[in-house]
Amino acid sequence: MTIPILALVDADPHGIEILSVFKYGSSAMDHQRDKLSAPRIQWIGVYASELQSFGIQPSETIPLTKIDHKKVSYLLKPLQCGAKTSNNGNIQITGNERELSHMLHSRRKAEIEIICNATLPAAQIPGKSLSNYDLGFKDDLSISQVNITGSTLLAVYLASKINAAISESIRNSDDTRYSLKAGDDLVKVESFS
């Protein structure tokens, strides 16, 4: 199994540019791109397109500046943000381009900390069930009736994204067999050497 490299960056053009430099290399160092890039990096967030699912309204985000617009236009040029050309010559759109296009269309951006400002009912948290996280609540309190806020919501967001990335990595691995057990935790069943 290959251990995933995970990246959490702001939902803004500069965050995506930082991610792109780590994943695909810098255009200034193009001659050493293969040595200076880490193509295994998986972007786990924050995605501008998912903010409304956390109850974050566009008015709570930051307007794009003229500099941001220029950065988005630059990054949307083919191969600046990891776009690849398919066999028939068409550009394949990556998650980076989708998110940049979303930012351009909405004219909004956000920093990671915006999730700390959100309040979301536990039952609406995307991903893994919250019953698997120790959030410090008493046993007699139903987790689905609790609102998750602040740094707790950020921690649950990160745990959900990390779990999803590791699960994906394990599913794509050929050297070890894993199984999903109760509570959606991945459990090692058998290792093949």
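Leaving aside residues up to four places away in sequence, Asp68 touches Pro13, His14, Pro63 and Lys109. Keep in mind that this is a predicted model.

Asp68 sits in helix H3. Is Asp68 buried or exposed? Its relative accessible area is 1%, and the cut-off for buried is under 20%, so Asp68 counts as buried.

Now its polar partners. The side chain of Asp68 makes a polar contact with the side chain of Lys109, at 2.7 Å. A polar atom of the Asp68 side chain also lies 3.0 Å from the backbone nitrogen of Thr65.

On to helix H1. Pro13, which Asp68 touches, is one of the buried residues of H1. The helix runs over residues 13–24, so to speak 12 residues, and spans 16 Å from its first C-alpha to its last, close to the 16 Å expected at 1.5 Å a residue.

Which residues of H1 are buried? They are Pro13, Gly15, Ile16, Leu19, Ser20 and Tyr24. These residues are on the same side of H1, because they cover an arc of only 155° around the axis.

What do the buried residues of H1 pack against? The list includes strands S1 (5–8), S2 (41–45) and S6 (108–109). It also includes helices H2 (33–36), H3 (66–75) and H4 (95–106). H3 is the helix that holds Asp68.

Last item: just after H1 comes Gly25, with a positive phi of about 95°.

Note on methods
Residues are numbered from 1 along each chain as its sequence is written. This is a predicted model: local features need pLDDT of at least 70, side-chain atom pairs count only at pLDDT 80 or more; totals for chains, interfaces and linings use all residues. Side-chain values use heavy atoms; hydrogens and water are left out. Helices (H or I, at least four residues) and strands (E, at least two) are DSSP runs, numbered from the N terminus. The expected span of a helix is 1.5 Å times one less than its number of residues. Buried means under 20% relative accessible area, exposed over 50%, partly exposed in between (1.4 Å probe, protein chains only). The arc is that of the directions from the helix axis to the C-beta atoms. Contact means heavy atoms within 4.5 Å. A polar contact is a pair of N or O atoms within 3.5 Å; within protein, one must be able to donate a hydrogen and the other to accept it, and residues adjacent in sequence count only if both atoms are side-chain atoms.
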